[in-house]
Amino acid sequence: MAAQVSFTIESPQGSRTVSVEYERTGTGEPLLLLHGIGHHWQAWQPVIPVLAAERDVIAVDLPGFGASPALPDGMAYDLSSVVPVLGALCEALGVERPHVAGNSLGGLLALEMGREKLVRSVTALSPAGFWSQAERRYAFGTLRAMRSAALAMPLPVIERLSRSAAGRAALTSSIYARPGRRSPEAVVAETLALREATGFHQTLAAGRDVLFRDDVTGIPVTVAWGERDRLLLRRQGVRAKHTVPGARLVRLPGCGHVPMNDDPALVARVILDTSR
């Protein structure tokens with residue numbers, strides 16, 4: 001069952017209280033899971049049962065997404081704010097240097113946590129921050145269109161579309177290569193999560209000038225990219241490998257931008273191999 005934890009973090013505006021929703025299950029070394037923009041921790045549900053057999057899995061709703069409240073007024077949704085929040089979250093949960101796996105925005109955050117030596121391994125699935133400016137504008141435009149569509153559709157329309165494979169494709173094919181595999185209930189929930197994400201626009205604004213330029217040393221790093229990623233094109237994985245030369249670069253055949261649903265067994269294996 002999901003829970004919420006509140007903790008204090010120091011910011012330029014002074015001490016602020018942040019609350020984060022999370023799901024925790026399993027036993028073993030801790031593993032933090034970070035979703036992408038507009039999503040929620042349930043994006044990881046297809047892989048959590050496999051991961052929880054070997055790891056203490058903590059799947060997080062990032063601040064301003066899912067059931068986590070927005071960041072306090074005045075706090076930015078940039079790396080310099082969100083990464084310390086995640087570090088403070090781990091401390092509040094009694095977790096020291098977990099393994100971390102992240103998708104998209106979560107992958108960028110995972111790499112930054114690795115660079116800051118806050119974690120013991122990093123698995124980044126189609127991470128943000130390795131784009132050209134044209135690729136970034138395309139991705140952001142697609143995300144804004146998805147958000148606008150979610151806002152425009154009444155709940156009964158979303159529910160009706162979710163009942164057919166064609167409807168699920170219309171709602172989610174930008175992020176899944178195999179949207180028909182997603183359950184109707186999951187598609188409705190993630191469409192509502194996108195619609196209700198209070199941190200969406202601030203996160204996009206903070207990402208306009210983001211490029212991940214620094215190496216991540218001293219820990220195992222895997223960068224994995226879906227071969228059918230339509231949001232962040234797979235050639236960005238080559239740039240990631242040049243930036244983090246010690247990283248293992250893995251292709252995910254048949255997977256889209258959010259690969260956990262497209263091939264749960266493969267994604268779980270990549271994460272566990274890195275964390276071993």
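User: L211 has its place in a loop, but between which elements?
Analyst: This is a predicted model, in which local features need pLDDT of at least 70, side-chain atom pairs count only at pLDDT 80 or more, and totals for chains, interfaces and linings use all residues. Numbering starts from 1 along each chain as its sequence is written, and side-chain values use heavy atoms, with hydrogens and water left out. Helices (H or I, at least four residues) and strands (E, at least two) are DSSP runs, numbered from the N terminus. On that basis, the loop holding L211 runs between α8 and β7.

User: What is the relative accessible area of L211, and what does L211 touch?
Analyst: Buried means under 20% relative accessible area, exposed over 50%, and partly exposed in between (1.4 Å probe, protein chains only). L211 has 32%, so it counts as partly exposed. Contact means heavy atoms within 4.5 Å. Not counting residues up to four places away in sequence, L211 touches G129 and W131.

User: S104 and K117 aren't glycines, so what's their phi?
Analyst: S104 is in the loop between β5 (99-103) and α3, and it is buried because its relative accessible area is 8%. K117 is in the loop between α3 and β6 (121-125), and it counts as partly exposed because its relative accessibility is 40%. Phi is positive at both residues: for S104 it is about 60°, and for K117 it is near 60°.

User: What does V221 contact, away from its neighbours in sequence?
Analyst: V221 is among the core residues that touch the most other members. Outside four places in sequence, its contacts are L111, V122, V216, V244, A247, R248 and T274.

User: How wide an arc do the buried residues of α9 cover?
Analyst: In α9 (residues 236-243), the buried residues are Q236, G237, A240 and T243. They pack against α4, β7 (221-226) and β8 (248-252). The arc is that of the directions from the helix axis to the C-beta atoms. They are on the same side of α9 because the arc they cover is only 115°.

User: What is the volume of the largest cavity?
Analyst: On a 1 Å grid over the protein atoms alone, a cavity is a set of points where a 1.4 Å probe fits but cannot get out, while a pocket is an open set with protein on both sides within 12 Å along at least five of seven lines; lining residues have an atom within 4 Å of a point. Points join across faces, edges and corners, and a volume is the space filled by probe spheres set on the points. The count is 1 cavity of 30 Å³ or more. The largest cavity has a volume of about 300 Å³.

User: Which residues lie nearest the centre of that cavity?
Analyst: Its lining has 21 nonpolar, 4 polar and 1 charged residues (Ala, Val, Leu, Ile, Met, Phe, Trp, Tyr, Cys and Pro are nonpolar, Asp, Glu, Lys and Arg charged, and the others, Gly among them, polar). Of the 26 lining residues, those nearest the centre are I37, L105, L108, A128 and T203.

User: Which element gives the most to the lining of the largest pocket?
Analyst: The largest pocket holds about 330 Å³ of space, and among its 24 lining residues M146, L171, T172, I175 and L194 are closest to its centre. By class the lining has 13 nonpolar, 10 polar and 1 charged residues. At least two residues each come from α4, α6 (165-172) and α7 (184-196). With 5 residues, the one that gives the most is α4.

How values were computed: Core = buried A, V, L, I, M, F, W, Y, C linked by side-chain atoms within 4.5 Å.
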